[in-house]
Amino acid sequence: MRKTCVIFICLAIILCFAACNGNVEFTENENKTIATNSGTEYTYVGNEGNVWCFGEWEFVGHVVGEKKTFSHLADKIKTGMYSVDGGKDVLVRYLSDNEYASIYVKSDLLKTEVKLENCIRYEFVKGTLSNDSGILNSKKGIFECEKFLNEIKNGQKAEDAGLSDLVKQPDGMLKNCYVYGYVYGIVQENLNLVIPLEVISYDDKAYSIKIDGKEYVLLKDWLDKLITE
């Protein structure tokens with residue numbers, strides 16, 4: 001009896017230690033969702049860069065069957081799942097030998113597919129990719145999402161419009177061509193997830209926006225509306 005009690009105490013200590021160190025175990029299902037050992041399921045919604053979540057990442061646990069770490073440049077990266085700012089609604093996954101993370105959302109929270117066509121609001125933020133989650137609930141930007149997206153995609157591509165000619169120097173280099181900011185597509189309010197669209201300035205004379213790997217002209221009327229509303 002005493003021996004059995006000792007075994008149970010040891011197991012309890014081990015489990016407690018594992019829990020305190022965030023060693024949750026994840027399993028990849030046949031449908032490519034990820035599930036915790038307690039049964040919570042997460043759905044893949046896109047790769048880092050195509051989607052964006054705000055906050056610091058903290059390691060939660062490995063995925064069963066994957067090697068634990070991989071090296072990228074001078075860094076050693078843990079594979080598996082990471083929480084974002086301590087929340088568990090959105091998780092970030094590092095796969096082996098892939099420097100770009102994958103983003104997962106708790107399946108029962110997803111109301112719709114995460115894509116531009118399903119955005120309910122677009123908001124512009126100047127500068128580099130933001131880490132300010134206030135964007136999610138700011139109510140700024142535009143709500144004419146379908147009209148905005150259709151007009152951009154049916155408009156001119158930056159190359160056809162000759163935007164690079166505005167900044168091209170005699171030696172072929174581009175001057176004063178830079179990332180002006182990002183238009184963030186919000187798919188669901190109160191969900192830490194956006195679709196970032198890079199906006200490029202051509203010497204502040206014209207602007208473009210990148211959608212699905214293509215660079216389109218962003219008319220100043222739309223940019224002004226994004227900034228002021």
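An α-helix has 3.6 residues a turn, so residues three or four places apart point the same way.

Helices (H or I, at least four residues) and strands (E, at least two) are DSSP runs, numbered from the N terminus.

## Basis of the model

This is a predicted model, in which local features need pLDDT of at least 70 and side-chain atom pairs count only at pLDDT 80 or more, whereas totals for chains, interfaces and linings use all residues. Residues are numbered from 1 along each chain as its sequence is written, and side-chain values use heavy atoms, with hydrogens and water left out.

Five strands form an open antiparallel sheet in the order β10-β11-β12-β13-β14, with two strands counted as paired if DSSP finds at least two bridges between them. β10 and β14 (214-217) stand at the edges with a single partner strand each, so one side of each is left without a neighbour in the sheet. Neighbouring strands are turned by 30° against each other on average, direction ignored. β10 and β11 run antiparallel and are joined by six bridges, and V125 stands opposite Y182 in β11.

Helix α2 packs on this sheet, where it touches β10, β13 and β14, and its direction makes about 105° with that of β13. Helix α3 lies across β10, β11 and β13 and runs at about 90° to β10. For these angles, axes are lines fitted to C-alpha atoms, for helices over the stretch in contact, and angles run from 0 to 180 degrees between N-to-C directions.

The loop between β11 (177-186) and β12 (194-202) contains N190, which counts as exposed at 64% relative accessibility. The C-alpha atoms of N190 and S133 are separated by 9.6 Å, although these residues are 57 apart along the chain.

## The seven-stranded sheet

A further open sheet is formed by seven strands in the order β1-β2-β3-β9-β8-β7-β4, again with antiparallel pairing. Its edges are β1 (26-28) and β4 (57-61), each with a single partner strand, so one side of each is left without a neighbour in the sheet. The twist averages 35° from one strand to the next.

All five residues of strand β9 (residues 102-106) are buried, so this strand is largely enclosed by the rest of the structure. Both of its faces are covered, with S102, Y104 and K106 on one side and I103 and V105 on the other. Strand β3 (residues 41-47) is joined to β9 by five antiparallel bridges, with G46 opposite I103, while β8 and β9 pair in the antiparallel sense over four bridges, with R93 opposite S102. Beyond this, β7 (residues 80-84) and β8 (residues 87-94) pair antiparallel over five bridges, and G80 stands opposite Y94 in β8.

In strand β2 (residues 34-36) lies T36, which counts as buried at 12% relative accessibility. Leaving aside its neighbours within four places in sequence, T36 is in contact with V24, E25, F26 and Y42.

## Cysteines

The structure holds zero disulfides, a disulfide being a pair of cysteine sulfur atoms within 2.5 Å. The sulfur of C145 is 6.3 Å from the closest cysteine sulfur, that of C119, which is too far for a bond. C145 is buried, with a relative accessible area of 8%, and C53 also counts as buried, at 3% relative accessibility.

## The chain as a whole

The protein chain has three helices and 14 strands, and 41% of its 229 residues count as buried. Among contacts between residues at least 6 apart in sequence, 59% join residues at least 24 apart. The accessible surface comes to about 13300 Å², of which 51% belongs to carbon and sulfur atoms; accessible areas come from the Shrake-Rupley method with a 1.4 Å probe, and for residues only the protein chains shown count as cover.

Conventions:
Buried means under 20% relative accessible area, exposed over 50%, partly exposed in between (1.4 Å probe, protein chains only). Contact means heavy atoms within 4.5 Å.
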